[in-house]
Amino acid sequence: MKALHQVGRGQGPTAADSARISALQRPATLDALEQGLFDCVVIGGGIAGAGIACESAQRGLRTALVELDDFASGTSSRSTKLIHGGLRYLALGEFAHVRETARERKTVRHLAPHLAQPCWAVLPARSRAALTLLRLAVMTYEHLGQVASEDRHRIWNSDELERHEPVLDRQRYPFACAYREYLTDDARLVLANLRAAVRAGALVINHALVDRIANRFDAHEVGVSCRLSGRRLTLRSRALINASGPWLEHLRVLEDPGARPVLQWSRGIHVVMPAELLPVQNVLVLRSSDARYLFAVRRAGIVYLGTTDTATQARPVHWPEIGSDELHYLLREVSAYCGRQAPALGSCVWAWAGLRALVAQPGRRSQDVSRRDELLVGAHGMVSVAGGKLTGYRMIAKRALDEAGKVVGGAWPKAPRKIAPLPGGAFDGDVGPLSATLGASFKLARECAERLSMLYGSEAVDVVKLDQRPLGDDGIVLRGEVDWAVLHEGGATLLDVVYRRLRLPLYKPNAVTSLLEPIASRMSDLLGWTEQRAREQVGQVEARMQQDLAALQPRL
Ligand code: FAD
């Protein structure tokens with residue numbers, strides 16, 4: 001509970017405050033990065049890097065973060081989007097890890113309620129005996145996570161299932177144990193942390209590849225060299241933290257060609273369909289025929305299924321392959337619980353794949369490898385963050401900074417006890433009331449108000465005030481969102497804005513194509529793109545969508 005009391009309420013940011021990453025300010029940011037001497041430079045703008053930058057800046061350290069592609073363009077936009085302790089890791093005996101992440105759920109919810117929305121995770125049971133076992137596991141989980149009594153699990157019988165989760169085959173699964181978990185938007189959680197870092201004084205930049213690490217210039221400084229289109233940039237820092245997720249080894253070798261590899265990779269895919277095809281109401285937690293856990297997650301008008309866990313040796317890439325056999329597997333396994341035929345692959349609307357970077361445990365199946373994080377200190381003092389989960393990002397950040405502090409050998413300050421909510425998190429409770437007020441105040445369609453509240457939390461009002469005019473025919477996406485993405489969230493390309501800020505492929509997959517031109521046109525006004533440049537940007541997103549959707553096409 002202590003962490004909750006430390007979170008200050010009602011002092012959150014507004015649009016006018018300093019939590020701004022503006023794509024228009026890129027040249028000024030680059031100059032400042034080059035001129036500064038930093039206490040801590042972070043490589044990688046996924047959730048680990050964003051959390052570290054946030055913690056570092058909040059400790060009062062001069063902080064910079066460099067991201068090769070876009071913020072959250074790696075694994076941190078490809079997760080199942082659950083803020084969870086990982087009930088299944090109890091079976092692997094990882095009590096300390098589960099305790100930590102299960103407790104973190106409350107803090108993330110407090111920092112950004114819109115990015116940790118409570119939901120029921122539903123474990124179906126075939127018999128009373130099976131139900132008892134599930135219940136015992138859930139009670140242990142709740143005990144470790146210090147779950148408040150009002151949030152504790154409930155048992156649903158067949159009648160209650162008919163009311164709360166009618167999609168389940170009640171003949172085969174007449175009972176279920178429903179326990180609390182939280183739904184997030186991973187990419188937007190990254191952006192919120194980066195903006196909180198900037199609010200606390202950090203400098204962050206996307207689309208800048210770190211490709212050289214100069215060993216300590218002297219006892220006190222390390223140099224990091226980055227390549228951007230048309231420019232090379234050198235940063236100087238006391239400490240260096242490598243939070244490059246699946247690319248970790250690449251950076252470790254840049255620092256020390258003799259670094260011993262520690263990672264193994266595993267690919268996880270998800271498939272998205274309109275909720276009408278599989279009307280899941282909550283989050284189903286299902287045991288597959290090959291003894292893995294799968295999720296079916298309801299989000300607004302869509303349901304997504306995930307995830308696979310396929311060991312891969314391939315070089316890490318930002319867009320891992322999506323195998324149609326893996327998609328068929330997900331559809332088949334989940335449908336078996338629902339007593340209905342699997343929706344056809346062709347009726348699904350999007351799919352995504354992500355890479356897990358796991359600390360290798362030779363001899364273990366990928367799904368049994370621990371998700372714990374580990375810190376590695378390189379030959380020249382770079383601290384690398386290996387493994388971990390989205391949910392535990394704050395704890396990973398604290399440990400990484402403490403380790404970096406030891407490396408530089410100074411008195412590294414602690415984070416302040418009272419921390420402000422993340423940008424957008426300055427409200428109590430649920431997004432429901434927030435969305436109702438927003439809709440009534442600005443006369444917005446219900447779907448539009450709900451979408452804005454879910455994405456922007458308490459800042460939704462600032463987004464609407466920027467420009468309330470709709471972008472497409474259905475009036476759900478607003479022009480102000482594009483302005484916000486560019487001026488406050490560092491969106492520099494159309495892909496950045498469409499995929500990771502407006503989140504259109506996930507929540508409005510059928511609307512993406514028709515919205516590309518109007519979004520590119522507004523971005524052209526803001527960023528001074530020529531017509532040719534805008535066309536190229538549209539072409540890039542279309543090509544990306546086509547590749548994402550290729551695995552959904554029926555094979556002839
Ligand atoms: P990343 O997000 O990959 O970030 C690394 C960043 O470093 C990238 O943006 C990359 O572009 C950048 N980078 C790489 N090289 C360089 C360079 N040379 N210079 C500059 N930048 C560089 N966890 C949960 O808690 N809940 C879940 O529901 C969940 N579901 C998951 C489902 C799947 C399928 C997968 C794969 C993982 C899931 N996880 C989940 C785990 C979680 O997503 C990851 O632990 C987390 O996103 C990893 O974040 P990261 O910052 O370490 O890596």
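A cavity here is a set of points, on a 1 Å grid over the protein atoms alone, where a 1.4 Å probe fits but cannot get out. Grid points are joined across faces, edges and corners, and a volume is the space filled by probe spheres set on the points. The model is predicted, so local features need pLDDT of at least 70 and side-chain atom pairs count only at pLDDT 80 or more, while totals for chains, interfaces and linings use all residues. Residues are numbered from 1 along each chain as its sequence is written, and side-chain values use heavy atoms, with hydrogens and water left out.

By this rule the structure holds 4 cavities of 30 Å³ or more. At least two lining residues come from each of α3 (47-58) and α10 (393-408), where helices are DSSP runs of H or I with at least four residues, numbered from the N terminus. The lining comprises 8 nonpolar, 3 polar and 3 charged residues, with Ala, Val, Leu, Ile, Met, Phe, Trp, Tyr, Cys and Pro counted as nonpolar, Asp, Glu, Lys and Arg as charged, and the others, Gly among them, as polar.

The second largest cavity has a volume of about 70 Å³, and its lining includes His114, Arg188, Arg195, Tyr456 and Glu489. Both α7 (186-199) and α12 (446-456) give two or more residues to this lining, and α7 gives the most, with 4 residues. By class, the lining of the second largest cavity divides into 6 nonpolar, 2 polar and 4 charged residues.

Methods:
On a 1 Å grid over the protein atoms alone, a cavity is a set of points where a 1.4 Å probe fits but cannot get out, and a pocket is an open set with protein on both sides within 12 Å along at least five of seven lines; lining residues have an atom within 4 Å of a point.
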